[in-house]
Amino acid sequence: MHRPILHLVLALVSIGCVSEAPRATEQPPNFIFILADDLGYGELGSYGQQHIRTPHLDQLAADGMRFTQHYSGSPVCAPSRATLLTGLHTGHAQVRDNFELGGFRDEEERGQLPLAPGTFTLARMLQEHGYATGAMGKWGLGGPGSTGVPHEQGFDLFYGYLDQKQAHNYYPTHLWRNAAWDSLGNTYFHPHQRLDAPPADPSGYDAFKGTDYAPALMHDEALAFIREHQAEPFFLYVPSIIPHLALQVPDEELAAYDFDEEPYLGDHMYLPHERPQSAYAAMITYLDRQVGEIRALVEELGLAENTYIVFTSDNGPTYVGGVDTAFFDSNGPLRGEKGSVYEGGIRVPTIAWAPGRISAGATTDHVSAFWDWLPTFAKLAGTAPPDTLVLDGLSMVPTLHQSGAQPEHEALYWEFHGRGWVGAQAVRLGDWKAVRHGGRDDADAPIQLYNLATDLAEATDVAADHPEVIARVEAVLASRTPSPVERWRFAARE
């Protein structure tokens with residue numbers, strides 16, 4: 001199916017016309033992309049958070065650029081990561097849902113729908129351009145032995161969780177170093193349990209702890225990667241598991257918070273915790289400190305003037321597991337949460353930092369999404385995707401550098417097949433936001449329409465008043481192409 005001609009022209013312009021690429025005599029810049037897991041739009045201090053302390057990320061925003069209209073690739077984990085790494089939105093990408101294989105137990109570990117062999121990824125592009133490439137964290141795009149594992153998709157080194165179901169436990173029995181199982185000092189326990197009543201002794205919660213805390217181990221690997229490759233251009237991808245549930249954080253971290261809270265018994269999925277709100281806040285503060293340590297190391301090694309750090313989240317905040325997102329005001333004024341194509345599921349906090357290149361204290365309302373990062377990094381690195389590849393992304397270099405004309409998207413598109421939705425879809429057209437549930441299987445499913453300029457909370461559906469906008473939305477909705485997941489599922493039904 002043909003893409004809009006204007007979209008193709010803008011994509012070519014975004015790759016070819018901006019002048020801020022490195023000169024041949026300069027070393028290409030380093031890229032560090034830090035991806036939080038289920039962090040809501042309102043869960044950082046720089047985005048209005050009042051209860052959770054995030055001083056390092058707030059300073060990163062003060063010293064860099066804060067995005068107010070940046071979107072994740074999907075309202076859930078795996079497809080969001082796929083859009084980031086391939087530059088394709090979920091109407092064209094391979095992965096459009098958390099298509100789970102296997103189970104939670106070690107012997108059942110099979111991961112998620114794998115990327116196909118030879119997929120063009122951000123990491124592969126930079127690797128072929130001479131970059132050292134590393135990923136430390138949660139993968140979710142292919143389990144052990146599959147074609148989708150990171151070291152087959154452009155990463156020299158991966159350390160972390162291949163299967164995102166395993167990442168529901170912060171104290172796993174193992175992590176993966178490329179294809180090698182790395183045993184940890186933890187004993188296996190299932191990441192979804194519940195208690196009938198709060199234990200009389202706090203030690204009753206010890207069954208949900210371990211000795212080796214995976215976020216600490218993966219962070220150490222990330223710092224080591226920076227040190228090892230400081231003399232050459234590198235791309236470090238840090239898909240953290242924080243603050244995705246379960247609620248697990250070292251005991252000493254809890255001392256920073258003391259909310260008035262009731263124990264969580266695990267009755268809404270994931271693991272029990274004696275102090276759920278304190279644990280959740282402490283997890284985010286823990287991640288904040290890790291971001292601060294990454295920045296500090298970059299500055300210590302003298303790399304700051306040639307390094308871009310980007311921080312964002314893969315989707316909106318959780319809706320289960322003992323977290324009181326209303327108390328934290330996790331999404332501020334936005335409607336919805338993880339698993340929703342309303343703003344709360346896909347609009348994410350995003351910060352970009354690059355001293356001397358990105359102005360301190362800058363804020364942008366440029367409407368952008370995960371699939372824009374591949375062409376952006378391509379331009380900054382002085383490379384480009386193959387001529388035969390048509391991306392959905394547009395370079396954001398003019399926005400980052402506040403220089404030149406920024407190409408704008410004709411439309412942004414999302415689709416999601418989980419959480420009971422049969423083909424949930426969303427479209428962003430300027431200030432217009434459209435949502436349709438069931439449209440993948442029913443072309444007559446109603447389309448909701450909201451004007452985000454006056455109705456950020458998506459509270460008033462004005463579709464009946466704007467048939468001309470609905471006609472434009474329908475054209476975008478019809479531009480999607482079938483995915484491998486659909487073909488597999490339809491074949492299984494026949």
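This is a predicted model: local features need pLDDT of at least 70, side-chain atom pairs count only at pLDDT 80 or more; totals for chains, interfaces and linings use all residues.

Biologist: Which residue takes a positive phi in the hairpin of β16 and β17?

Modeller: Look at the turn first: two residues sit between the strands. The residue there with a positive phi, near 60°, is G430.

Biologist: And what is the bridge partner of V427 in β17?

Modeller: Strand β16 covers residues 424–429 and runs antiparallel to β17, with five bridges joining them. Follow V427 across to β17 and you land on A434.

Biologist: Which residue in β18 is the bridge partner of K433?

Modeller: β17 also pairs with β18, residues 447–451, in the antiparallel sense over five bridges. Across from K433, the partner in β18 is Y450.

Biologist: Is β17 largely enclosed or open, and how many of its residues are buried?

Modeller: In a regular strand, side chains alternate between the two faces of the sheet. In β17, W432, A434 and R436 point one way, while K433 and V435 point the other way, and all are buried. The strand is largely enclosed by the rest of the structure, because the number of its five residues that are buried is five.

Biologist: Now for P250: is it buried or exposed?

Modeller: P250 lies in the loop between β10 and α6, and touches Y171 and Y213, leaving out residues up to four places away in sequence. Its relative accessible area is 12%. Buried means under 20%, so P250 is buried.

Terms used: Residues are numbered from 1 along each chain as its sequence is written. Side-chain values use heavy atoms; hydrogens and water are left out. Buried means under 20% relative accessible area, exposed over 50%, partly exposed in between (1.4 Å probe, protein chains only). Helices (H or I, at least four residues) and strands (E, at least two) are DSSP runs, numbered from the N terminus. Two strands pair if DSSP finds at least two bridges between them. Contact means heavy atoms within 4.5 Å.
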